[in-house]
Amino acid sequence: MPMTDQIQPIILTGDRTTGPLHLGHYAGSLKNRVGLQHTHRQFLLLADTQALTDNAHDPDKVRRNVIEVALDYLAVGIDPALSTICLQSALPALAELSMLYLNFVTVARLERNPTIKDEIQARGFGRDIPAGFLCYPAAQAADITAFKAQVVPVGEDQAPLIEQTNEIVRRINRQVGRDILPEARALIPAIGRLPGVDGKAKMSKSQGNAIPLSASSDDIRDAVHRMYTDPNHLRVSDPGSIEGNVVFMYLDAFDEDPAGVEDLKARYRHGGLGDMAVKRRLEDVLQALLAPIRERRAALARDPEFVLDIVRQGTLKARATTQETLDDVRRALGLFAFDG
Ligand code: ATP
Ligand code: MG
């Protein structure tokens, strides 16, 4: 028997609408979300407002990708009967909560956030950091707490953001003298950070090193062929190195036969196993994983109204939930209210 809404723990996650989702999203978060939707009350946020924080020059990209990310959700198996998909910019309570939370965090603390530091570097902002970007951890705290989420299935890069959310939660709870907001726990899988196909630290929409979930079969083959292995592994007979070898990291993340992968690693280390053989196995694994996702996605893409209607319904539901939390916080902080 399914658990009732009342006792199901709440999940909030989201994705910036900066491009179609990729294998990093699948490994880091989507796979967990598909599984957890049966036992949790789950909200998925199409984070277009957050996407604007480093894309103010290209709002059209942010808007176009709303439906792309929604398509990815449905294609991997997010079920709108079990999960609520909603649009961040259409939830005004999130913006209001963000403004309130900004008073419970210092600029110095925002600047110290290791993820923000990395992202500022990766985006080459130098000293020209959009204020909205520097402050997005407070907005993310608003997103998570507006749904009173206890669990946040995310990739490793998000851990410092959840930590910062919980600091804000504790400060507000201390200020109002009771636990009005719950702390959230990051749920990070063993492969918490999938590297890009170029071997760079993280597969990322913004870095052009991603394999999108919608990749064609040719794209998958090309990406695997170009993948970074061990540069010192020149002849098949040479011993090879697994550490930093992108192909093996992907096998660890996606191959359903870990014993087989361990066997392959042993043979590669020993010498006698070529890069091409390992890449062929990875290609098979990725083709099998992505083919059904690509097919479902293509079918759904033929009916954009159906997809948008799911987002519309989800957003209406989320509007009520988030407004309730905003009202609680306003009351608890003792802000002036016209109705007493
Ligand atoms: P952008 O480059 O625009 O920031 P992104 O590729 O980093 O995009 P996000 O929308 O910022 O994607 O991240 C959404 C979720 O996916 C987060 O939970 C994040 O941790 C997870 N995620 C993104 N990339 C990876 C990755 N390479 N490995 C594991 N998890 C990831
Ligand atoms: Mg990101």
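This is a predicted model: local features need pLDDT of at least 70, side-chain atom pairs count only at pLDDT 80 or more; totals for chains, interfaces and linings use all residues.
1. Which residues come nearest to ligand 1? Of the 21 residues around the ligand, they are Thr 18, Asp 157, Lys 202, Ser 204 and Ser 206. Two secondary-structure elements, β1 (10-16) and α1 (23-36), each give the shell at least two residues.

2. Polar contacts to ligand 1 involve both backbone and side-chain atoms. On the backbone side, a polar atom of Arg 16 is 3.0 Å from an oxygen atom of the ligand. A nitrogen atom of ligand 1 lies 2.8 Å from a backbone N or O atom of Leu 194. Lys 205 uses its side chain: a polar atom there lies 2.9 Å from an oxygen atom of ligand 1.

3. How much of ligand 1 does the protein cover? On its own, the ligand has 610 Å² of accessible area, and the protein covers 97% of that. The site itself is the largest pocket, and ligand 1 sits in it.

4. Now the salt bridges. The count comes to 22. One of them joins Asp 15 and Arg 33, with the closest N and O atoms 2.9 Å apart. Asp 15 belongs to strand β1 and Arg 33 to helix α1, so this pair ties together parts that are 18 residues apart in sequence. The strand and helix concerned, β1 and α1, also each supply at least two residues of the shell around ligand 1.

Terms used
Residues are numbered from 1 along each chain as its sequence is written. Chains are lettered from A and ligands numbered from 1 in the order in which they are written. Side-chain values use heavy atoms; hydrogens and water are left out. A residue is near a molecule or strand if one of its heavy atoms lies within 4 Å of it. A polar contact is a pair of N or O atoms within 3.5 Å; within protein, one must be able to donate a hydrogen and the other to accept it, and residues adjacent in sequence count only if both atoms are side-chain atoms. Accessible areas come from the Shrake-Rupley method with a 1.4 Å probe; for residues, only the protein chains shown count as cover. On a 1 Å grid over the protein atoms alone, a cavity is a set of points where a 1.4 Å probe fits but cannot get out, and a pocket is an open set with protein on both sides within 12 Å along at least five of seven lines; lining residues have an atom within 4 Å of a point. A molecule sits in a cavity or pocket if more than half of its atoms lie within 2 Å of its grid points. Helices (H or I, at least four residues) and strands (E, at least two) are DSSP runs, numbered from the N terminus. A salt bridge is a side-chain nitrogen of Lys or Arg within 4 Å of a carboxyl oxygen of Asp or Glu.
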